[in-house]
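Hello,

Here is the structure I promised to pass on to you.

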Amino acid sequence: VQLVESGGGSVQAGGSLRLSCAASGSISSINAMGWHRQAPGKQRELVAVITRAGTTNIASSVKGRFTISRDNAKNMVFLQMNSLKPEDTAVYYCFASSTFSHWGQGTQVTVSS
């Protein structure tokens, strides 16, 4: 499984960004897809995950501001990020779970105050 992210960038606090992740390869084996993030000097943390059936789990730190969605027909997962805060600054990694976990290369999100 190969994952390619897009949509990162720089935005001021209160702004919005939408991350996209396209999966290719052995996509029929994928169940859950989602996003982790890693800020400088911090451990990677789960942001949001969505199963093939559409069940979602959102981290409490972003709940109410971030929304995860998935297009199974296009093998894509999206992260809509609203009301961004400086503490959301991180590299965001797309992941997909099958027998193994697969990761994208990461996309930088920078939120300035």
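First, some ground rules. This is a predicted model, so local features need pLDDT of at least 70 and side-chain atom pairs count only at pLDDT 80 or more, while totals for chains, interfaces and linings use all residues. Residues are numbered from 1 along each chain as its sequence is written, and side-chain values use heavy atoms, with hydrogens and water left out.

Let me begin with the charged side chains. Side chains of opposite charge can pair when their charged atoms come close. A search of the whole structure gives 3 salt bridges (a side-chain nitrogen of Lys or Arg within 4 Å of a carboxyl oxygen of Asp or Glu). Arg37, Glu45, Arg65 and Asp88 are linked by such bridges in a network.

Arg37 pairs with Glu45 at 2.7 Å, N to O. Arg37 is buried at 6% relative accessibility, whereas Glu45 is partly exposed at 35% (buried means under 20% relative accessible area, exposed over 50%, and partly exposed in between, with a 1.4 Å probe and protein chains only).

Arg37 also meets Asp88, at 2.9 Å, N to O. Asp88 sits in the loop between β8 (76-81) and β9 (90-97) and Arg37 in strand β4 (residues 33-38), so this pair ties together parts that are 51 residues apart in sequence. (Helices, H or I with at least four residues, and strands, E with at least two, are DSSP runs numbered from the N terminus.)

Asp88 in turn forms a salt bridge with Arg65, at 2.7 Å, N to O. Arg65 belongs to the loop between β6 (56-58) and β7 (66-71) and Asp88 to the loop between β8 and β9, so the two tie together parts that are 23 residues apart in sequence. Asp88 is buried, with a relative accessible area of 1%, and Arg65 is buried too, at 11%.

Next comes the disulfide. The structure holds 1 disulfide (a pair of cysteine sulfur atoms within 2.5 Å). Its partners are Cys21 and Cys94, with their sulfur atoms 2.0 Å apart. The link is left-handed, with -80° about the S-S bond. Cys21 lies in strand β3 (residues 17-24) and Cys94 in strand β9, so the pair links distant parts of the chain, 73 residues apart. Cys21 is buried at 0% relative accessible area, and Cys94 is buried at 0% as well.

Ser20 is also placed in strand β3. Ser20 is buried, at 13% relative accessibility. Leaving aside neighbours within four places in sequence, Ser20 is in contact with Val4, Glu5, Ser6, Trp35, Met76, Val77 and Phe78 (contact means heavy atoms within 4.5 Å).

Finally, the space inside. There is 1 cavity of 30 Å³ or more (on a 1 Å grid over the protein atoms alone, a set of points where a 1.4 Å probe fits but cannot get out; lining residues have an atom within 4 Å of a point). The largest cavity holds about 60 Å³ of space (grid points are joined across faces, edges and corners, and a volume is the space filled by probe spheres set on the points). Its lining includes Ala23, Ile27, Arg52, Asp71 and Met76.

Best wishes

Conventions:
1 Å grid on protein atoms, 1.4 Å probe; cavity = no way out; pocket = protein on both sides within 12 Å on 5 of 7 lines; lining within 4 Å.
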